[in-house]
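Take a first look, and then read on.

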Amino acid sequence: MKFAILVNEGPYQHQASDSAYQFTKAALEKGHDIFRVFFYHDGVNNGSRLTVPPQDDRHIVNRWSELGKEHSLDLVLCIAAAQRRGMLDENEAKRQGKDANNIAEGFRISGLGQLIEAGIQSERLMVFGD
Amino acid sequence: MEAEGVVKKFLYLNRKAPYGTIYALESLEVVLIGAAFEQDVSLAFIDDGVYQLKKDQKTSVNDGIGVKNFSKTYGALEGYDVEKLYVDKKSMEERGLLEEDLIVPVEVLNDTQMAELMDQQEVIFSF
């Protein structure tokens, strides 16, 4: 089955990102396709390059980057939600006149159209939120 | 970008009150962008989500909470061909709300009807 994944909460604060990750990993192991993982609301914070969580616990951002790399996943942060929350890639930072960018490896910033498209193109959209 | 001609039934499920959290506003933002994709869209308001449609939201700096009032956007949805708005009967009653308290016309559904509506959908966004 072709899945689309929607992650609506940030790392650690809620279990949404963990649950989405575990589901995505399990689905891939069973041979399913993941069309896109879309991060909305505080979910965009899962794409921060600057997290330094305690070493004895899971590194949520890196885990997504690694899974993304292993399976060529399309990890997308919503641009509107990202702007609101101070998540900028290099281009956005330049465009907005900000002195830094902070997107982690393997994530890209794009519009809400990518979420709608994911709903249309996939067979099932899974929402992970609060 | 979109698959030619594919029309799916999209349901936007709103369960939270406006302003206290971002979910109501950002859900609406998806609806507005999504309108361009010409899908078969419905909006459902359940639990505190029914408050999103309440009239007379006091948002001004002077006599309110000092945030942008986005409630009139629900009235503008008709112009985007988004016309199917449903509210949950029990949620309205629990909160002492009547249809006339809302800023847009809605269809009131009971539990069974709401479940049927959800069953018909192909894509459900829950915010």
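Buried residues make up 42% of the 130 residues in chain A. A residue counts as buried if 20 or more other C-beta atoms lie within 10 Å of its own, as exposed if there are 12 or fewer, and as partly exposed in between, with C-beta atoms placed from the backbone. This is a predicted model, in which local features need pLDDT of at least 70 and side-chain atom pairs count only at pLDDT 80 or more, while totals for chains, interfaces and linings use all residues. Residues are numbered from 1 along each chain as its sequence is written, and chains are lettered from A and ligands numbered from 1 in the order in which they are written.

**Two chains in outline**

Chain A has 5 helices and 5 strands, and reading along its sequence gives the pattern β-α-β-α-β-α-α-β-α-β. Its radius of gyration is 14 Å, close to the 14 Å from the globule rule for 130 residues, so chain A is as compact as a globular protein of that length. That radius is taken over C-alpha atoms, and the rule is 2.2 Å times the number of residues to the power 0.38.

Chain B has 4 helices and 5 strands, in the order β-α-β-α-β-α-β-α-β. For its 127 residues a compact globule would have a radius of gyration near 14 Å, and the 15 Å of chain B agrees with this. In both chains, helices (H or I, at least four residues) and strands (E, at least two) are DSSP runs numbered from the N terminus.

Two residues are in contact if their C-beta atoms, placed from the backbone, lie within 7 Å.

|---|---|---|

Of the residues of chain B, 31% count as buried.

**The sheet of chain A**

In chain A, 5 strands form an open sheet with parallel pairing, in the order β4-β3-β2-β1-β5. Strands pair here if DSSP finds at least two bridges between them. At the edges stand β4 (107-110) and β5 (124-128) of chain A, each with a single partner strand, so one side of each has no neighbour in the sheet. From one strand to the next, the twist averages 25 degrees.

Inside this sheet, 3 bridges join β2 (residues 33-39) to β3 (residues 75-78) of chain A, and the two strands run parallel. A:F39 stands opposite A:L77 of β3(A). Helix α1 (residues 16-29) of chain A lies across β1 (2-7), β2 and β5 of that chain, at about 165 degrees to β1(A). Such angles run from 0 to 180 degrees between N-to-C directions, with axes as lines fitted to C-alpha atoms, for helices over the stretch in contact.

**The nonpolar core**

In soluble globular proteins, nonpolar side chains tend to be buried together. Here the largest nonpolar core has 62 residues, and A:I5, A:L6, A:F38, A:L77, A:C78 and A:L115 have the most contacts inside it. Such a core is a set of buried Ala, Val, Leu, Ile, Met, Phe, Trp, Tyr and Cys residues joined through C-beta atoms within 7 Å. Leaving aside residues up to four places away in sequence, A:L6 touches several others, among them A:F38, A:Y40, A:L115 and A:F128.

**Two loop residues to look for**

A:H41 sits in the loop between β2 and α2 (60-71) of chain A, and its phi is near 50 degrees, a positive value in a residue other than glycine. Is A:H41 buried or exposed? A:H41 is buried, with 24 other C-beta atoms within 10 Å.

A:S72 is in the loop between α2 and β3 of chain A, with a positive phi near 50 degrees as well. A:S72 is exposed, with 8 other C-beta atoms within 10 Å.

**Chain B and where the chains touch**

In chain B, 6 bridges join β1 (residues 9-14) to β2(B), and these strands run parallel. B:L13 stands opposite B:A44 in β2(B). Strand β2 (residues 40-45) of chain B is mostly covered, with 5 of its 6 residues buried.

How many residues of chain B are in contact with chain A? There are 18, and they meet 17 residues of chain A. On the chain B side, α1 (23-34) and β5 (123-126) each supply at least two residues, and α1(B) gives the largest share, 6 residues. By class, this side has 12 nonpolar, 2 polar and 4 charged residues. Ala, Val, Leu, Ile, Met, Phe, Trp, Tyr, Cys and Pro count as nonpolar, Asp, Glu, Lys and Arg as charged, and the others, Gly among them, as polar.
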